[in-house]
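Here's my quick note on the structure you asked me to look over. Keep the viewer open while you read.

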Amino acid sequence: MSIVGGSDTQLPGIIIHDIYDNGAAFKDGRLSIGDQILKVNSTDITNATHEQALNALRQTSDIVKLLIHRGFYANQQQHQQQSSKFPFQALSNDVNSGCS
C-alpha cells in the first residue's frame, strides 16, 4: 500500500494512493484507494507529517487496526470536476468538510 499527503504537504490527511496486488491490504480487501487513514492502532495520524505516517504504518505488528474515513477522495474528485466545468463559479462545498 502506498500513501500520499500529510501535514507537511498540500494534501490534508493521509490518503491511500495505491493498494499493491498480493499485499496485506489487497488480501484483506477492506481498504480502498482514496480512504483517509485517521489512526494506526492507537496512534492518531490526522495531523501527522508524511514521514510520521509512514513510520506509524511501518512500526506495526502482524495485526493492524486502522481507523479510516471513506469518501475523501471521491469528494475531492467531484470538487475538481465541478471546478473544471465551471471555473468561474464559486463552490459552496469545502473539499475538506468531510474530513475530521
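1. First, a heads-up: what you're looking at is a predicted model.

2. Start with the largest nonpolar core, which has 14 residues. Ile3, Ile37, Val40 and Ile45 are the ones that touch the most other members. Strand 2 (14–18), strand 3 (36–40) and helix 2 (50–58) each give two or more residues to this core, and helix 2 gives the most, with 4 residues. As a bit of background, nonpolar side chains in soluble globular proteins tend to be buried together.

3. Now click on Val40. Setting aside neighbours within four places in sequence, Val40 is in contact with Ile45, Ala56, Leu57, Thr60, Val64, Lys65 and Leu66.

4. Next, the largest pocket, with a volume of about 640 Å³. Its lining is made of 22 residues, and Met1, Ala25, Leu31, Val64 and Leu66 lie nearest the centre. What is the lining like: how many nonpolar, polar and charged residues? It splits into 13 nonpolar, 3 polar and 6 charged.

5. Which elements build that lining? Strand 1 (2–5), helix 1 (24–28), helix 2 and strand 5 (66–69) supply at least two residues each. Helix 1 gives the most, with 4 residues.

6. Finally, take Ser2, which is found in strand 1. Is Ser2 buried or exposed? Ser2 counts as buried because its relative accessibility is 16%, and the cut-off for buried is under 20%. Leaving out residues up to four places away in sequence, Ser2 touches Ile15, Ile16, His17, Asp18 and Tyr20.

Conventions. Residues numbered from 1 in each chain as written. Predicted model: local features only at pLDDT ≥ 70, side-chain atom pairs only at ≥ 80, totals over all residues. Heavy atoms only, no water. Core = buried A, V, L, I, M, F, W, Y, C linked by side-chain atoms within 4.5 Å. Buried < 20%, exposed > 50% of the residue type's maximum accessible area, 1.4 Å probe, protein only. Contact = heavy atoms within 4.5 Å. 1 Å grid on protein atoms, 1.4 Å probe; cavity = no way out; pocket = protein on both sides within 12 Å on 5 of 7 lines; lining within 4 Å. Points joined across faces, edges and corners; volume = space filled by probe spheres on them. Nonpolar A, V, L, I, M, F, W, Y, C, P; charged D, E, K, R; others polar.
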